[in-house]
Amino acid sequence: MPLTFNLTKQTLELELSGNFSGYDNETEKTALFNAAAKARNILVKTSGLGRWDSTLVVILYELAKRAERQKISYDFSSLPENLHRLVSLALEVDRNPPSPPDRTTPWLEALGGWGLNIYTGFVSGLKFLGRLLSSIGRFLTGKAVMRPVDFLFALEDCGYRAVAIVSLVSFMVGLILAFVGAIQLQTFGAQIYVASLVTIGMTRIMGAIMAGIIMAGRTGASYAAAIGTMQVNEEVDALKTMGIPVTDFLVLPRTLSLLITMPVLTVLADFMGIFGGTFVGTVMLDISLQEYIKYSVDTFELDNFLVGVFHGFLYGMIISLCGCYYGVNSGRNADSVGMAATKAVVSAIVWMIVVTGILTFIFKVLGI
Amino acid sequence: MSKQQPEIEVNNLTLGYGNFTLMKDISFQVNKGDIFIIMGASGGGKSTLLKALTGLLEPFSGQIRIGGTDFTKASPQQRNQIMQRCGILYQSGALFSSMTLAENIALPLQRYTAYSPKLINELVSLKLALVGLTGFEDYYPSEISGGMKKRAGLARALALDPEIVYFDEPSAGLDPISSKLLDDLILDLNQSLGTTIVVVTHELDSIFAIGNNSIFLDADTKGISGRGNPKELLKNTQNPKLREFLTRGGEKNA
Ligand SMILES: Nc1ncnc2c1ncn2[C@@H]1O[C@H](COP(=O)(O)OP(=O)(O)O)[C@@H](O)[C@H]1O
Ligand SMILES: [Mg+2]
């Protein structure tokens with residue numbers, strides 16, 4: 001219905017008649033507010049007012065707010081009683097909020113904040129590692145507060161439940177490694193060295209890397225999400241106030257089980273990869289099985305194998321550390337749990353690569 | 001508005017989970033403009049009944065009619081239409097944590113109306129003002145207190161000018177003053193908009209302050225063991241369990 005008003009001698013008279021449900025006429029509203037700006041007095045008449053809803057309340061509320069701001073007198077007394085109550089309820093501000101938190105930061109400050117974040121993140125990560133190590137120390141002396149059932153549950157989850165996916169992926173990786181290598185080696189008629197390539201590649205590093213990436217995505221993310229949700233439910237706070245170290249109760253069982261299973265999964269990945277290579281070698285390259293096995297066994301070195309397993313062990317530590325760290329430090333809403341899981345996986349993979357780089361250098365210097 | 005027009009009718013409703021029956025053959029009626037209280041001890045099935053009324057839980061048998069339409073047999077579209085006329089305030093507010101208060105309240109408006117963005121903004125400010133949160137548009141739920149979250153949840157429940165508003169334990173976790181403010185707000189909305197209000201609560205002060213009709217759910221008999229205006233129930237009831245409930249274990253029992 002039209003919003004009819006007239007402005008005479010600085011008195012604005014607003015006549016509401018008809019139905020005002022779903023009223024959304026911007027031009028008329030602007031005209032009304034412009035007229036109100038010139039008035040000294042506002043009077044509302046509602047003789048023929050029919051049905052109305054919040055869209056009408058919005059107009060009256062806005063009018064009253066402007067009138068109060070400009071110290072104009074207004075008379076809403078002819079409004080139906082319930083409408084009048086509603087407008088006064090809206091005007092009855094019970095408190096003025098402090099201005100909303102400012103979320104924009106100048107670029108220099110943002111840059112500084114970014115640098116500082118990295119630094120504090122690194123320091124608190126190190127502290128977390130320290131607390132975890134002391135938990136492991138307490139565990140070794142039998143003083144850690146850890147429920148065996150939590151440990152067994154975690155062991156089951158990152159143990160035999162992960163076997164299928166790790167086997168499948170590393171079989172495929174062995175297959176691909178052999179296939180890509182064969183294309184090059186065939187040009188020299190040296191395809192038999194596919195066996196050596198796959199054996200060295202898988203045992204030295206690829207087995208550990210594949211197991212690590214799979215477990216980071218599968219288990220690291222689930223650690224972050226599970227502990228993050230406990231943070232949201234204040235379960236972590238409950239543990240702290242009971243005097244139970246969070247690292248003992250939540251982090252230790254998860255870390256121990258990854259430390260145990262990761263080397264085993266690495267060995268599994270090694271052999272599944274070699275198996276994949278054997279498949280390509282015997283089926284596609286017409287190398288006899290005996291010959292392939294002979295070359296594999298000849299190039300198999302215990303050093304390489306142990307270096308791979310050691311990598312797997314360290315990756316287990318990294319995955320668990322990243323997953324639990326971001327879980328414990330997650331925010332308290334649904335979004336931040338998701339973010340914690342993302343950060344856990346990304347940082348676990350980054351740290352795995354950094355650690356691999358450092359170890360490769362050290363082993364080269366040591367000549368292993 | 002005639003006072004005796006039924007807004008919600010529940011006929012022979014049987015409710016439960018799996019093979020566990022919680023309520024058997026209960027019937028009651030909520031009139032337009034009522035403030036209707038669902039009382040009962042903890043674990044008595046109050047939230048479960050509310051879930052059935054809002055379509056989150058399928059009853060085993062029986063009928064729920066809302067505004068004359070059979071809600072239990074309604075098609076998904078019909079249900080959606082009915083639910084647009086209902087607002088729900090969940091126990092902990094249930095605000096979406098990744099959205100500001102303004103975005104939370106704007107969501108149903110954007111989904112179900114064709115209003116211009118400017119009008120939606122104005123409506124959002126009005127709803128926030130109604131619950132006493134003027135100026136909190138750009139806050140995230142994590143930046144406000146529990147009582148404020150509840151009021152913001154109420155602002156969202158009121159976004160579409162609902163005819164029925166359901167409250168699940170509105171005063172749980174609130175201090176007495178916030179809880180009184182919320183009660184006043186419920187009364188104000190009921191009186192100014194004629195909104196039908198269904199409140200699940202076991203807060204005696206609220207029950208007597210706002211309720212004009214009620215039912216008392218009894219987990220042992222799986223039925224309703226008292227109904228009517230709570231103040232009169234307190235005077236007249238013969239049921240010892242209800243009497244104990246309404247007098248907080250008998251301390252006022254002279
Ligand atoms: N999702 C569910 N599945 C099975 N049983 C439930 C579920 N939710 C609640 N219950 C059971 O239903 C009963 C009533 O619960 P509820 O309706 O939440 O009670 P109230 O809100 O009155 O405290 C309780 O005994 C509870 O154990
Ligand atoms: Mg409940």
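Which element gives the largest share of the nonpolar patch? Keep that in mind while you click around; this is a predicted model.

Start with chain A. Select A:F122, A:L126, A:V346, A:V350, A:W351, A:V354, A:I358, A:F361, A:I362, A:V365, A:L366 and A:I368, and you have a nonpolar patch on the surface, with about 1100 Å² of accessible area together. Now color α4 (107–140) and α12 (334–366) of chain A: these are the elements that give two or more residues to the patch. And there's your answer: α12(A) brings the largest share, nine residues.

Next, show both chains and go to where they meet. Chain B puts 33 residues into the contact and chain A puts in 29. About 2700 Å² is buried between the two, with carbon and sulfur atoms giving 56% of that area. Pick out B:L126, B:Y139 and B:S192: they supply 19% of the area that chain B buries against chain A, more than any other three residues.

Now for the polar side of things. The interface has three salt bridges. To see a salt bridge, select B:E122 and A:K29, whose side chains meet at 2.8 Å, N to O. Eight residue pairs are also in polar contact across the interface.

Last stop: the face of chain B that touches chain A. Color α4 (117–130), α5 (146–157) and α6 (176–193) of chain B, the elements that give two or more residues to this side. The largest share, nine residues, comes from α4(B). By type, the residues on this side split into 15 nonpolar, 10 polar and eight charged.

Note on methods
Residues numbered from 1 in each chain as written. Chains lettered and ligands numbered in written order. Predicted model: local features only at pLDDT ≥ 70, side-chain atom pairs only at ≥ 80, totals over all residues. Heavy atoms only, no water. Contact = heavy atoms within 4.5 Å. Buried area = accessible area lost by both parts, 1.4 Å probe. Salt bridge = Lys/Arg side-chain N within 4 Å of Asp/Glu carboxyl O. Polar contact = N/O pair within 3.5 Å; in protein donor to acceptor, adjacent residues only side chain to side chain. Helix = DSSP H or I, 4+ residues; strand = E, 2+ residues; numbered from the N terminus. Nonpolar A, V, L, I, M, F, W, Y, C, P; charged D, E, K, R; others polar. Patch = residues over 30% accessible without salt bridge, like charges linked within 9 Å, V, L, I, M, F, W, Y side chains within 5 Å. Areas by Shrake-Rupley, 256 points an atom, 1.4 Å probe, with all protein chains shown as cover.
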